[in-house]
Amino acid sequence: MVSEVKKISGRGIILIGDDIDTDRIIPARYLKAITFDGLGEGVFIDDRTALKGEHPFDQPQYQGANVLIVNRNFGCGSSREHAPQAIAKWGIQALIGESFAEIFFGNCVAMGIPCLTADTTTVKKLQELVAANPQAAVTVNLETLEAQINDYTAKVAMNEGTRSTFIAGTWDACGQLVAHADQVRATAAKLPYISWGKLAAS
């Protein structure tokens with residue numbers, strides 16, 4: 001199973017504001033869903049309803065965008081996996097921001113969605129470029145740690161441990177287990193407590 005995430009290309013969408021929490025990303029009433037299917041329709045739903053079509057996730061120029069550019073402390077609040085799931089179901093494949101809440105960041109990594117950081121000036125410049133031309137080509141390169149919008153290139157950051165898991169494809173814990181099923185079985189066979197259930201049943 002190949003799960004490398006090295007480069008994301010597409011178009012950008014901007015969401016301006018600090019401390020956008022997970023309850024705004026996906027309201028608590030959506031947590032009753034058994035699966036994550038359909039969460040994309042509910043992403044930022046309360047903000048979108050209040051803005052009556054003026055929210056970036058409703059504006060026609062951003063439909064089909066896959067790189068979300070945000071500000072500081074994005075994804076703070078409760079530790080709901082539904083938040084990155086909702087963003088992903090809408091179509092986002094990478095995020096760039098000034099900073100991300102730790103649990104939100106971890107949930108994104110577990111889904112294969114890189115969250116890269118940049119300083120305030122760089123983030124503002126990227127947001128301005130996307131706002132001026134929503135159809136501009138956006139590329140996020142994890143190997144070079146660069147974000148490019150047309151001819152503008154900016155340095156972005158990600159801790160090396162996380163970056164290496166994306167590039168190697170080892171971010172996908174479930175995929176790693178499936179890919180190494182034979183080794184898992186071999187290790188399990190050596191564990192004395194694995195056979196306890198069989199002994200109890202006999």
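View 1. At 37% relative accessibility, Asp-23 comes out as partly exposed, a label for residues between the buried class (under 20% relative accessible area) and the exposed class (over 50%), using a 1.4 Å probe and protein chains only. Arg-80, at 12% relative accessibility, counts as buried. The two form a salt bridge, with the closest N and O atoms 3.2 Å apart; the term asks for a side-chain nitrogen of Lys or Arg within 4 Å of a carboxyl oxygen of Asp or Glu. Arg-80 lies in the loop between strand S3 (67-69) and helix H4 (82-90) and Asp-23 in helix H1 (residues 22-25), so this pair ties together parts that are 57 residues apart in sequence. Helices here are DSSP runs of H or I with at least four residues, strands are runs of E with at least two, and both are numbered from the N terminus.

A word on the model: it is predicted, so local features need pLDDT of at least 70 and side-chain atom pairs count only at pLDDT 80 or more, while totals for chains, interfaces and linings use all residues. Residues are numbered from 1 along each chain as its sequence is written, and side-chain values use heavy atoms, with hydrogens and water left out.

**View 2. Asp-46 meets Arg-29.** Here the side chains join in a salt bridge at 2.7 Å, N to O. Asp-46 sits in helix H3 (residues 45-51) and Arg-29 in the loop between H1 and helix H2 (39-42), so parts that are 17 residues apart in sequence get tied together. Both ends are partly exposed: Asp-46 has a relative accessible area of 37%, and Arg-29 is at 45%.

View 3. Glu-160 and Arg-163 pair up at 3.0 Å, N to O. Both belong to helix H7 (residues 160-168), three residues apart, or about one turn of the helix. Glu-160 is partly exposed at 47% relative accessibility, whereas Arg-163 is buried at 14%. Elsewhere, salt bridges with shared partners link Asp-18, Asp-19 and Arg-72 into one network. The structure holds seven salt bridges.

**View 4. Phe-44, Phe-57 and Trp-90 cluster together.** These three make one aromatic cluster. The structure has six aromatic pairs, and Phe-44 with Phe-57 is a tilted one: 5.0 Å centre to centre, with 55° between the planes. Rings of Phe, Tyr and Trp (its six-membered ring) pair if their centres lie within 6.5 Å; planes under 30 degrees apart are stacked, over 60 edge-to-face, and the rest tilted. Phe-44 is in the loop between H2 and H3 and Phe-57 in the loop between H3 and S3, 13 residues apart. Phe-44 is buried at 1% relative accessibility, and Phe-57 is buried with a relative accessible area of 1%.

**View 5. Phe-74 and Phe-104, edge-to-face.** The ring centres are 5.4 Å apart and the planes stand at 85°, so the pair is edge-to-face. Phe-74 comes from the loop between S3 and H4 and Phe-104 from helix H5 (residues 102-111), so the pair ties together parts that are 30 residues apart in sequence. Phe-74 is buried at 1% relative accessibility, as is Phe-104 at 3%.

**View 6. Lys-125 over the ring of Tyr-152.** The charged end of Lys-125 sits over this ring, 5.6 Å from its centre. To qualify, NZ of Lys or CZ of Arg must be within 6 Å of the ring centre and within 35 degrees of the ring normal.
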